[in-house]
Amino acid sequence: MADHYRLLIDGQWTDAASGKVFATHNPATGEHVANVAEADAADVDTAVVAARRAFDTGPWPRMDAAARGRLLLQVAEKIRARGDELARMETLDNGKAIRETRAQVNASADYFDYYGGWADKLEGHVIPVRGRFHTYTVLEPIGVCGQIIPWNSPLPQAAQKLAPALAAGCTMVLKPAEHTPVTALVLGDILMEAGLPEGVVNILPGFGHTAGAALSRHPGVDKVAFTGEVATGQEVLRASIDNLTKVTLELGGKAPNIVCEDADLDAAVRGTLFGIFAGAGQYCDAGPRLFVHRAIRDAFMEKLMAMTRRIRVGDPLDPETHVGSLTTREQFDKVARYVEIGRNEGAQLIAGGAPPDDPGLAGGYFYLPTIFDRVAPDMRLAREEIFGPVLSVLDFEDDEQLVADANGTDFGLVAGLWTEDMRRAMRLAQRLKAGTVWINTFRQTQISASFGGYKMSGIGREKGLSGLEEYCEEKTVWVDLNDAGIGYFDS
Ligand code: NAI
Ligand code: MG
């Protein structure tokens, strides 16, 4: 890992115009990781101008789509070749267990493979209109994109934003989160090494209220893609109004995870724990609201508690570790605050509720897997996003009330359910208001499957073909095949 990182603007690594730098730390130890140039509005301006030039006159949007695709496939290979280094860096910057960051590096490479494959397959349509016209559509790149990403999965988030935009032929300015800027900058290095023309991808680490805000209101930006919290997403959307910038938002959730009385309980326990404690619960598609049918409640809870006790919280670089540290001080404080809220609301704390007592972990933001039982649907614990290792257990008896309770939050990103009765499963899947529903699994996402939110979980879709189309404008072309033309003023 280098000890100083700079901004990527127009193919050059540069210091911030202000000369400012900020430090990034290892959340598992508190140790200094690196100094990073701190972009603000002036750098955003320079980068947007570069991206605009690359879009309006550069080769990237104009080259053969297949050649764009081939370059993306090379990027995928280069990510894999530097996989160990990237996983280690990500763990040092973010605190997530190395067994997860390894998988995430591979997933990040997959984005470039998948969208590289799409680059020359973006087909329009011929429309059978009335009269003698030839009318067809073409998909064109939307233009200069501002992309703002959070700290919970820095490299996959960067790949998820960059790869489809590149495949479409866009140019972009990416702002990584201030807490975890390192791997996005290494990805920038990989992109330049693969031969990406200058100005196509610009990477500007910096803070939200300066660099992020400047990017989201910049008149030179055609589309903003944002992932983060609801309040920030609303800011980004407000900032888009003057220029009518296209905006897609991915804003997290508070997903229900439903265990019916006929479920395979062992599978449901494993899926439930993976859904809430992997990544210390810092996933938008985590499953923090567990609904257990009363008939199997005791049996299920016994298995759940037994397996929770086997979760190893510890040094994120140790391959044996299941759960590393939270990524930021704010997240650590937020989790502790919600544990307090849960106690005060009368929920029953049955696991965790504190940092581990291992003195070796005292320097980091570690928190034990935490379970609250007897949670009621109207408690804050059951409605607000905590984004940490806190599971709330609710129970249910009939499916009508279950659906009402499961849908009873402002969010609608994902939902999961466990039952061996497929008719019931599909009936429930129809009624759950969520962009993704999992049946007998949890937190499965792949790049080929679209992902996004109902309700306040977001606007638009990422991943899959839907995610690629968000980076395209559809142009309709009419060709008049009549010799006579339009007769309106002839008589
Ligand atoms: P945030 O939404 O403030 O930060 C996400 C990104 O937005 C970062 O790059 C940040 O620099 C940028 N940003 C912040 N203010 C901005 C502004 N005014 N204009 C443009 N960009 C701005 O999220 P934060 O504060 O890091 O986390 C707080 C909570 O948000 C978490 O506890 C969690 O509940 C939720 N969250 C949800 C995520 C998701 O995947 N949907 C990811 C991260 C956080
Ligand atoms: Mg914030």
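Me: Where does Gln331 sit?
Reply: Gln331 is placed in helix α11, where helices are DSSP runs of H or I with at least four residues and strands are runs of E with at least two, numbered from the N terminus. This is a predicted model, in which local features need pLDDT of at least 70 and side-chain atom pairs count only at pLDDT 80 or more, while totals for chains, interfaces and linings use all residues. Residues are numbered from 1 along each chain as its sequence is written, chains are lettered from A and ligands numbered from 1 in the order in which they are written, and side-chain values use heavy atoms, with hydrogens and water left out.

Me: Is Gln331 buried or exposed?
Reply: Gln331 counts as buried at 8% relative accessibility; buried means under 20% relative accessible area, exposed over 50%, and partly exposed in between, with a 1.4 Å probe and protein chains only.

Me: Which backbone oxygen lies 3.4 Å from a polar atom of its side chain?
Reply: That is the backbone oxygen of Ile386, 3.4 Å from a polar atom of the Gln331 side chain. A polar contact here is a pair of N or O atoms within 3.5 Å; within protein, one must be able to donate a hydrogen and the other to accept it, and residues adjacent in sequence count only if both atoms are side-chain atoms.

Me: On to the ligand. How many residues surround ligand 1, and which are the closest?
Reply: Ligand 1 is surrounded by 27 residues, and the closest are Ile149, Trp151, Glu178, Glu229 and Lys334; a residue is near a molecule or strand if one of its heavy atoms lies within 4 Å of it. By class, this shell holds 13 nonpolar, 8 polar and 6 charged residues, where Ala, Val, Leu, Ile, Met, Phe, Trp, Tyr, Cys and Pro count as nonpolar, Asp, Glu, Lys and Arg as charged, and the others, Gly among them, as polar.

Me: What lies 2.8 Å from an oxygen atom of ligand 1?
Reply: A polar side-chain atom of Thr232 lies 2.8 Å from an oxygen atom of the ligand. On the backbone side, a polar atom of Glu229 is 2.9 Å from an oxygen atom of ligand 1, and a backbone N or O atom of Ala213 lies 3.5 Å from a nitrogen atom of ligand 1.

Me: How much of ligand 1 does the protein bury?
Reply: Taken alone, ligand 1 exposes 810 Å², and the protein buries 88% of that, with accessible areas from the Shrake-Rupley method and a 1.4 Å probe; for residues, only the protein chains shown count as cover.

Me: Which elements give two or more residues to that shell?
Reply: They are α7 (208-216), β11 (223-227), α8 (230-239) and α11 (329-345), and α7 gives the most, with 3 residues.

Me: How many bridges join β7 to β21?
Reply: Strand β7 (residues 133-141) is joined to β21 by 9 bridges, and the bridge partner of Thr135 in β21 is Trp478.

Me: And why is β14 described as largely enclosed?
Reply: Strand β14 (residues 289-293) has 5 of its 5 residues buried, so it is largely enclosed by the rest of the structure. Both faces are covered, with Arg289, Phe291 and His293 buried on one side and Leu290 and Val292 buried on the other. Strand β13 (residues 256-259) runs parallel to β14 and is joined to it by 4 bridges, with Ile258 opposite Phe291.

Me: Last topic, how many disulfides are there?
Reply: The structure holds 0 disulfides, a disulfide being a pair of cysteine sulfur atoms within 2.5 Å.

How values were computed: Pairing = 2+ DSSP bridges.
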